Structure formats: C-alpha cells, structure tokens
Amino acid sequence: MAQRIGALGNVALKDGRSVMIRNLRDADREALATFGQSLPKNDLLYLEQDFTHPQIIDHLVDGVNAEHWRQIVAITHDEQIVGYTAALRMPGWSNHVANIQLIVQPAYRRSGLGMQLAQAIVEEARDFGATKVTVDMLAALNAGQAIFSRLGFAVEGQLARHAIDRDGNLHDIVIMSAFVRV
Ligand SMILES: CC(C)(COP(=O)(O)OP(=O)(O)OC[C@H]1O[C@@H](n2cnc3c(N)ncnc32)[C@H](O)[C@@H]1OP(=O)(O)O)[C@@H](O)C(=O)NCCC(=O)NCCS
C-alpha cells in the first residue's frame with residue numbers, strides 16, 4: 001500500500017529553500033517550456049516525453065483540465081518551474097490504474113523535492129479514483145526507484161530492452177507499483 005502523506009502547498013526543502021507545489025495551470029506554458037529547456041541532455045535522453053518539444057509542452061498544458069490526468073509542478077518564488085509530476089489514468093480495463101511521471105531540475109535535486117512531488121501525485125491519483133499507481137523507469141535509474149520504494153511501491157516487473165533513448169540505445173525498464181488506500 002502506498003503511504004498517504006502527500007499534499008499541495010508550500011514546502012520547505014532540506015537545503016533551506018522552499019517551493020510551492022500546485023497543479024499545473026494554463027498560464028504555466030512558458031515556464032514549463034523553460035523548465036524543459038533547462039533539463040540536461042542526459043535526462044532528456046531517458047525521459048519518456050521530450051520536454052524540449054513545443055508540441056509536447058502544448059499537449060501537457062492543454063491537458064490541465066482533463067479528467068483522466070493530474071499534473072503538478074513545483075514553483076519557486078520567482079515563478080520558475082523546478083519540478084514536474086503527473087498521474088495519467090489508463091484507458092479500458094486498467095481504468096483504475098494511474099501511471100506516474102516525475103522529474104526534478106538538477107539544481108533542486110537531493111533536497112527532498114522528488115519525494116515531496118511523488119507523495120503529492122500519489123495523493124492526487126487517489127483523489128481522482130485510482131486504486132493502483134504504477135511508474136516505469138529505466139532500470140539503471142536508482143534515484144527514482146529509491147523514492148518510490150520509500151513510498152511503498154514494489155517492483156512488479158522488468159522489460160528487457162524496452163526503451164530506446166534519443167541516441168538509439170536500448171534500455172531495460174522497471175515497472176513499480178502500489179495499491180492506494182481509498
Ligand atoms: C528521480 C528524481 C526525480 C529524484 O529527485 P530528487 O529531488 O533528487 O529526490 P529526493 O531529493 O527527494 O531524493 C529522495 C531519495 O532518493 C534517493 N536518491 C535521490 N537521488 C539519488 C541518486 N542520484 N542516487 C541514488 N539515490 C538517490 C535517495 O535515497 C534520496 O534520499 P536521501 O537524499 O535522503 O538520501 C530526479 O533525480 C530526476 O528528475 N531524475 C530524472 C527523471 C527520473 O529518473 N524520474 C524517475 C522516474 S519517472
């Protein structure tokens with residue numbers, strides 16, 4: 001069972017900085033595009049979606065009111081987006097399952113923001129009726145696995161050479177999941 005501890009609002013990070021965690025808004029289009037551009041090439045290679053692509057940014061922002069999708073950002077006092085997380089409800093017979101994405105800007109890593117965002121999005125997924133949450137990530141990415149393990153997620157499977165990065169290299173994917181208290 002995933003723990004129930006997430007929340008939106010102002011959060012203090014371990015390094016003394018603070019950010020606001022709130023739902024993505026229409027007005028965030030430019031800030032989200034800037035966030036995408038700020039991500040290092042190494043991250044962009046491995047992300048499921050290309051955050052540098054204007055059409056992807058439009059797609060995300062156009063989805064702010066979608067019933068099957070919740071998107072949360074971490075915003076600094078000067079309105080910069082430094083973290084993004086989303087829960088997308090699956091179609092058809094997996095309609096009770098929400099798939100999570102999570103990314104934090106490098107300058108804000110290791111200060112607890114990833115954990116705060118992960119908690120918040122699990123809570124959002126529960127609020128919109130998901131009873132199971134999943135996250136897929138490259139098997140080689142330890143940070144994401146550490147965060148979701150702490151939240152009570154377990155590895156449910158591994159898919160061999162299932163992702164291809166933007167340089168054409170193949171990678172194994174780990175699927176982690178948790179059941180959510182309703
Ligand atoms: C995964 C990611 C979101 C973590 O964000 P973060 O803000 O650095 O995470 P936190 O500071 O909350 O770290 C929580 C815990 O994760 C683990 N962790 C974080 N970064 C780590 C790293 N580079 N190596 C090993 N463990 C790590 C630690 O156990 C850490 O706790 P600690 O700092 O008390 O030791 C960030 O590294 C990222 O955006 N990576 C690229 C995208 C990605 O892999 N997303 C995950 C799958 S969708």
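Modeller: The ligand is surrounded by 20 residues, and the closest are Arg 109, Gly 114, Met 115, Ala 143 and Gly 144. This is a predicted model, in which local features need pLDDT of at least 70, side-chain atom pairs count only at pLDDT 80 or more, and totals for chains, interfaces and linings use all residues. Residues are numbered from 1 along each chain as its sequence is written.

Biologist: How is the shell around the ligand divided by class?

Modeller: The shell has eleven nonpolar, six polar and three charged residues. Ala, Val, Leu, Ile, Met, Phe, Trp, Tyr, Cys and Pro count as nonpolar, Asp, Glu, Lys and Arg as charged, and the others, Gly among them, as polar.

Biologist: Why is H4 called oblique to H5?

Modeller: The axes of H4 and H5 cross at roughly 50 degrees and come within 10 Å. Angles under 35 degrees count as roughly parallel, over 145 as roughly antiparallel, 65 to 115 as roughly perpendicular and the rest as oblique; therefore H4 is oblique to H5. The axes are lines fitted to C-alpha atoms, for helices over the stretch in contact, with angles from 0 to 180 degrees between N-to-C directions.

Biologist: Which residues of H4 and H5 meet?

Modeller: Gly 114, Met 115 and Ala 118 of H4 meet Ala 143, Ile 147, Phe 148 and Arg 150 of H5, where contact requires C-beta atoms, placed from the backbone, within 7 Å. By class, five are nonpolar, one is polar and one is charged.

Biologist: What makes H1 oblique to H3?

Modeller: Helix H1 (residues 29-38) and helix H3 (residues 54-62) pack at about 135 degrees, with axes 10 Å apart. H1 is therefore oblique to H3.

Note on methods
Helix = DSSP H or I, 4+ residues; strand = E, 2+ residues; numbered from the N terminus. Near = placed C-beta within 6 Å. Contact = placed C-beta atoms within 7 Å.
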